[in-house]
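Please open the model in your viewer and keep the sequence panel at hand. The stops below each begin with a selection and go on to what is found there.

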Amino acid sequence: MTPTPHAPTRALARSRPAPFQPASRSLGPAPGTATVEIVIPVYNEERALPGCLRTLHARLDDGFPFPWRITVADNASTDATLTTAHGLADELPGVSVVHLDRKGRGLALRTVWAGSDADIVAYMDVDLSTGLDGLLPLVAPLASGHSDLAIGSRLAAGARTVRGPRREFISRCYNGIVRLTHGVRFTDAQCGFKAARTDVLRPLLEVTRDDAWFFDTELLLLAEHNGLRVHEVPVDWVEDVDTRVDVVSTATDDLRGLWTMARLKASGAGRVELPRRPEPAAEHPDAVLAPTGRRGALSWEVGCFVAIGIVSTLGQALLYWLLRSWWSPAAANLVSLLALTVLNTEANRRLTFRHTAAPPTRAHLGAGGLFVLGYLATSAAVLWFTHAVPGASTAAETAVLAAASVVVTVVRFAVLRSAVFRSPHRRTS
């Protein structure tokens with residue numbers, strides 16, 4: 001699927017960008033370090049905006065060790081938010097205002113971030129639900145070059161939240177669905193507390209398409225899909241019940257967005273050209289290193305593949321045994337093999353061949369072809385056994401199925417490694 005271009009924003013009015021404010025003298029590093037632009041997206045927030053900006057400004061002015069500025073991104077507010085924002089910009093040094101004529105948090109962030117001249121861009125919600133103690137841990141890994149994106153997480157170990165059971169349940173369910181369907185490692189896609197290095201962010205923004213609340217998830221899925229390093233910060237988070245979020249419609253849009261992202265990644269359109277991170281190198285000058293090449297990669301692949309294969313084989317045998325009470329051998333084998341092949345392929349894609357250069361389409365088509373081969377081979381083995389030994393027990397059938405699956409697994413590893421999941425290391429060695 002080729003993503004369609006955005007509808008252009010008809011009007012974008014931005015006051016002159018505020019100058020970066022100097023780093024705190026008490027904590028600041030040497031001059032010339034990374035600059036940070038913090039965006040506050042707002043829609044009809046005339047009540048909450050003054051307290052947000054004054055609190056954030058005071059915190060940054062008092063102890064933030066990087067040059068900074070704050071930008072209010074007003075996306076089509078219909079109340080006095082824009083007037084309030086301009087008044088605060090006149091009052092507080094380092095604050096500027098952007099006005100867009102279309103509504104949408106994703107649109108506001110994409111517009112301001114894409115035009116920013118800061119080294120690092122960040123955003124937080126106007127209600128300041130996320131504790132500002134997490135801001136420096138959010139930005140520091142990006143300024144050092146260690147990470148590419150950083151996100152606050154209300155679900156990571158060490159996070160503390162104060163919110164009602166309804167939002168807690170919805171949040172956990174949604175993030176569980178994200179991890180289940182896309183196999184990601186981050187724990188909280190929707191926390192309104194994120195930052196990124198602009199040099200790696202801009203190529204991702206070219207691919208993002210959502211203008212609303214799914215933008216956060218979309219950006220993170222693209223980041224992981226392209227191998228970027230995402231840093232998570234456990235945060236303190238206190239719910240503000242004066243929210244503009246329609247939970248039901250947002251959840252529906254998010255689920256639709258997950259499906260769209262799955263298609264985008266499968267088509268290969270989610271791959272973008274990014275600045276390459278240097279390969280890991282030993283810091284100690286006298287470190288004793290393994291020989292160059294694929295340093296134990298084959299051992300890892302074999303060990304991982306065998307472990308996943310054992311679990312998959314046992315899982316298939318158990319599922320076959322359960323289904324055999326109702327279905328024929330061929331039907332029970334088809335369902336059990338299909339279910340475990342999906343899980344097996346995903347595990348191998350993310351663990352065994354985690355450095356693969358194969359595009360998602362080729363990987364899944366290759367795994368699908370091997371599934372057909374495995375189904376035909378194992379079904380033939382079971383059918384041959386039931387024909388040769390009439391009246392054999394289900395346990396005996398299961399043992400034959402397991403033995404045939406082992407043979408198929410060996411062939412599958414060879415084909416996956418040599419043809420489907422071709423590693424860039426293997427091509428250059």
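This is a predicted model: local features need pLDDT of at least 70, side-chain atom pairs count only at pLDDT 80 or more; totals for chains, interfaces and linings use all residues.

If residues up to four places away in sequence are set aside, N175 touches L155, T187, D188 and A189.

Before the next stop, display the whole chain as a cartoon. Its secondary structure comes to 13 helices and 10 strands, and buried residues make up 45% of the 429 residues. Among contacts with a separation of 6 or more, 81% are accounted for by residues 24 or more positions apart. The accessible surface comes to about 21100 Å², and 62% of that surface belongs to carbon and sulfur atoms.

Now select helix α3, residues 105-114. Of the 10 residues of α3, 8 are buried, so this helix is largely enclosed by the rest of the structure. The buried residues are R105, G106, L107, A108, L109, R110, V112 and W113.

Because R105 lies in helix α3 and D125 in the loop between β5 (120-124) and α4 (135-143), the pair ties together parts that are 20 residues apart in sequence. R105 counts as buried at 8% relative accessibility, whereas D125 is partly exposed, with a relative accessible area of 23%.

Next, select D216 and K194. These residues form a salt bridge in which the closest N and O atoms are 2.9 Å apart. D216 lies in helix α7 (residues 215-225) and K194 in strand β8 (residues 193-197), so this pair ties together parts that are 22 residues apart in sequence. Both D216 and K194 are buried. With R105, D125, K194 and D216 shown together, one can follow a single network, into which these residues are joined by salt bridges that share partners.

For a further charged pair, select E168 and R163, whose side chains meet in a salt bridge at 2.6 Å, N to O. Both of these residues are buried. The pairs visited on this tour are among the 18 salt bridges that the structure holds.

Which residues make the nonpolar surface patch of about 740 Å²? Select L318, W321, L322, W326, W327, L334 and V335, which together make this patch. Helices α9 (297-323) and α10 (329-352) each supply at least two of the patch residues.

Conventions: Residues are numbered from 1 along each chain as its sequence is written. Side-chain values use heavy atoms; hydrogens and water are left out. Patches are made of residues with over 30% relative accessible area and no salt bridge: like charges are joined within 9 Å, nonpolar side chains (Val, Leu, Ile, Met, Phe, Trp, Tyr) within 5 Å. Accessible areas come from the Shrake-Rupley method with a 1.4 Å probe; for residues, only the protein chains shown count as cover. A salt bridge is a side-chain nitrogen of Lys or Arg within 4 Å of a carboxyl oxygen of Asp or Glu. Helices (H or I, at least four residues) and strands (E, at least two) are DSSP runs, numbered from the N terminus. Buried means under 20% relative accessible area, exposed over 50%, partly exposed in between (1.4 Å probe, protein chains only). Contact means heavy atoms within 4.5 Å.
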